[in-house]
Amino acid sequence: MNTNKHIKNQISRNGVSQEYLFVRDGVSQHDRLLTELEPDYVTVDERDLSDLLTFVQEYATKLNYYDDYDDSDNVNGDWLPFFNADVEQMVAYIHNPESFADDESTLKQLSQPHLVLLFTFLQLLSYPQQQFQALTQRYLDFYYKEVLKLTTKQETPDKINVIFELAQGEEAHLIKQGTLLNAGQDSQGINLNYATDEDIIVNQAQIASVKTLFVGYISLEDIHLQDNKSDQSFENMLRWAVGSPNQGDQLPNFNNDSVDIDYLKKNIYEQFGKNGINKKNYIKNQLFFENVGDFLYCMRMHYKEINDKNPTESEWNKVYQIIEAAYNKKNINTQNFLPIDQTEIQNIYASSIVDTEEEQATIPEYFNTFGNIIETPQNSLGFAVASPLFLLQEGVRTITLTFICEPETLNQDTLQEILDSENEVFEIYLSSGTQWIQLQSFTPSIANEQEPYGL
């Protein structure tokens, strides 16, 4: 038990409730896990609506058809004519039958009772398919626990953090390793005693301030929530994933028409049955959706949202996964590919965990280890440079600091615009024997052509 570092220990043992705050630049143990070993990597039935309808059509060719009006036993073809509609159109009809309102012939064909019964069955089939996804994990649990007889780890001794305060008039006090501390009794009336794990000298030093940092990246969900999941938010989310030519640009044109959310709704989604081949190519080759069904699902969830039907969290998560897959399909072969939730830093936030005035006791508080992007204000970032060369006594001195940057991490044009602006982007302080002294005159500039990536 390290009682001299209770603040540090508390930082390490208190978790963060928001999952998206766990952002790490290094490689964690979870990152080294192969996705192929995940229980849900392969499921018993991975077929979607397109696969199932294709199977129905192929299976129908194996069934002989006999005409009731023919008394002979002659085969009169197969059952394919009953299901011989376009697969993509059938998927679109399942998701949104109203999209064929302007195409009466196709609507009539897809609204036949036997097809509607088939479509209903396929939609109901999705429920057992979801149950099948848990079979692998259930089998693993059975194999590890019942066959291999693996058990959970043995209990480990409890650890606590303790704060010691000196009695009045004391300058320091030694607490030896193994000193027992009485913590009362547990719920069963058993005495609780904790032993210090090392020698500690309790003195009058105290922590004046503890801060934590959080690097916030822009995610699809962040963009979607910026305007409360409105039409514009949904469009911005699509533009962030498949904007053309670059991330965040306008959506790709369709038949030389500019595409925004209104055009996408009125001319693509609501009238999908009209000129369906061109729209299908646009969805798969320019918006980069894996299939038309994924696009229609995302649009259907958006329609539910703007009509106050409130899709569930799992439904929105599926939308984010589909749009992320479209981004991956568009960019996976580009140089320096990054996942969509790591392409741009939204901001770096600092939060003061504990602030204490001089001669006051430090009172630890519970806090989110990596900060909270919702509650934490934006702060200026800084660093200190220490060197014996800075031990300057008298006279006028010129100090030059040069920072060398990697080419891919420094946008010279953007930096030059910042330096040319009227805003004071840098503050520089020198330490003295008693206080920090702010410099009133300094000149930041980008290095010359011989050192193109210096500041």
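Let's start with the largest pocket: about 2,300 Å³ of space lies in it. Its lining has 45 residues, and the closest to its centre are Phe383, Phe403, Phe426, Glu427 and Ile428. A pocket here is an open set of points on a 1 Å grid over the protein atoms alone, where a 1.4 Å probe fits, with protein on both sides within 12 Å along at least five of seven lines; lining residues have an atom within 4 Å of a point. The volume is the space filled by probe spheres set on the points, joined across faces, edges and corners.

A word on the source. This is a predicted model: local features need pLDDT of at least 70, side-chain atom pairs count only at pLDDT 80 or more, and totals for chains, interfaces and linings use all residues. Numbering runs from 1 along each chain as its sequence is written, and side-chain values use heavy atoms, with hydrogens and water left out.

Back to the pocket. Strands S8 (345–355), S9 (429–431) and S10 (436–438) each give at least two residues to the lining. Strands are DSSP E runs of at least two residues, helices H or I runs of at least four, numbered from the N terminus.

Now Glu235. It sits in helix H8, residues 231–242. Is Glu235 buried or exposed? Glu235 is buried, at 6% relative accessible area; buried means under 20%, exposed over 50%, with a 1.4 Å probe and protein chains only. Its side chain reaches the backbone nitrogen of Ile261 at 3.2 Å.

Last, the whole chain. The protein chain has 13 helices and ten strands. Of its 455 residues, 29% count as buried.

Key:
Polar contact = N/O pair within 3.5 Å; in protein donor to acceptor, adjacent residues only side chain to side chain.
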